[in-house]
Amino acid sequence: TQGLVERLFKNYWAPIVTHKKGKYLILVSFAVLVTVFLIGAAQLEVDKEATKIWKPGTNWQDFADYNANRMKQSQESARVQIVIMWGIQNQDLSVCDGITDFECKGAIRWDDSFDLNPKPAQLEMLELCGEIRALASNPQAVSDLALRINRQGEVEMSCFIEYINSTFHNDGFPVSQDSFNTYMPELLDQLPYSQASYYRWFELGLAVVS
């Protein structure tokens with residue numbers, strides 16, 4: 001006895017396929033179907049509102065949104081701005097719930113041992129800024145550190161202590177009581193402290209030029 005599938009192909013499918021006109025009808029039908037599929041595939045476009053896997057506001061989704069909407073990269077994309085900071089320690093993340101609180105940045109911990117009021121400390125920081133600027137004349141260092149050089153051939157940077165140095169006309173630096181006696185004697189009369197016991201002259205100078 002013949003099975004259902006065998007009888008189906010023998011009695012219905014085979015006569016159509018072997019018919020001298022039927023076989024061409026099948027080929028034309030398949031050709032039309034493939035053509036329709038190809039035209040449809042050519043009209044497919046990327047969905048601008050793609051399905052979001054992560055919940056809005058999470059770090060993962062924020063990163064995905066950034067990648068989807070950021071501007072096209074250029075040679076400048078390889079450059080990053082580096083900010084060197086003193087006077088603070090690593091953030092205290094013990095106040096954060098690392099599982100659910102994605103926006104917690106921790107608590108700032110100040111470094112009480114950092115002090116720029118002593119003259120040697122000011123001179124050392126000014127010397128550091130000078131050493132970084134001097135790297136502009138070293139092509140190997142510029143390449144290794146990916147430093148950005150401006151049109152004047154100088155390292156593109158900003159050093160606040162250089163600004164303080166120029167504000168006190170160079171010879172009034174490092175900032176001390178003598179600096180204020182020379183350039184701002186009227187300010188000393190407004191101090192709520194005794195000049196004999198006051199020592200935070202650099203901080204006072206920083207407040208003046210800010």
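**View 1. F160, a partly exposed ring in a predicted model.** In this predicted model, F160 has a relative accessibility of 38%. That value makes F160 partly exposed, because this class runs between 20% and 50%. F160 belongs to helix 6, which covers residues 160-167.

View 2. A pair of aromatic rings is described by the distance of the centres and the angle of the planes. Here the ring centres of F160 and F202 lie 6.4 Å apart. Their planes meet at 65°, so the pair is edge-to-face, the term used for angles over 60 degrees. Is F202 buried or exposed? F202 is buried, at 3% relative accessibility.

**View 3. The largest pocket and its lining.** Rolling a probe the size of a water molecule over the atoms shows where empty space is left. The largest pocket holds about 890 Å³ of space. Its lining is made up of 23 residues. Which of them lie nearest the pocket centre? They are Q81, I82, V83, E156 and M157. Helix 4 (residues 119-134) gives the largest share of the lining, with 4 residues. Sorted by class, the lining of the largest pocket has 18 nonpolar residues, 2 polar ones and 3 charged ones.

View 4. F102 lies in the loop between helix 3 (59-69) and helix 4. Its relative accessible area is 40%, so F102 counts as partly exposed. Which residues does F102 touch, leaving aside neighbours within four places in sequence? F102 is in contact with T58 and N59. G57 is 45 residues from F102 along the chain. The C-alpha atoms of F102 and G57 are 8.5 Å apart.

**View 5. The whole chain, for orientation.** The protein chain has 9 helices and 0 strands. Its pattern along the sequence reads α-α-α-α-α-α-α-α-α. Of the 210 residues in the chain, 18% are buried. The accessible surface comes to about 17,200 Å². Carbon and sulfur atoms account for 58% of that surface. Among contacts with a separation of 6 or more, 42% join residues 24 or more positions apart.

Methods: Residues are numbered from 1 along each chain as its sequence is written. This is a predicted model: local features need pLDDT of at least 70, side-chain atom pairs count only at pLDDT 80 or more; totals for chains, interfaces and linings use all residues. Side-chain values use heavy atoms; hydrogens and water are left out. Rings of Phe, Tyr and Trp (its six-membered ring) pair if their centres lie within 6.5 Å; planes under 30 degrees apart count as stacked, over 60 as edge-to-face and the rest as tilted. Helices (H or I, at least four residues) and strands (E, at least two) are DSSP runs, numbered from the N terminus. Buried means under 20% relative accessible area, exposed over 50%, partly exposed in between (1.4 Å probe, protein chains only). On a 1 Å grid over the protein atoms alone, a cavity is a set of points where a 1.4 Å probe fits but cannot get out, and a pocket is an open set with protein on both sides within 12 Å along at least five of seven lines; lining residues have an atom within 4 Å of a point. Grid points are joined across faces, edges and corners, and a volume is the space filled by probe spheres set on the points. Ala, Val, Leu, Ile, Met, Phe, Trp, Tyr, Cys and Pro count as nonpolar, Asp, Glu, Lys and Arg as charged, and the others, Gly among them, as polar. Contact means heavy atoms within 4.5 Å. Accessible areas come from the Shrake-Rupley method with a 1.4 Å probe; for residues, only the protein chains shown count as cover.
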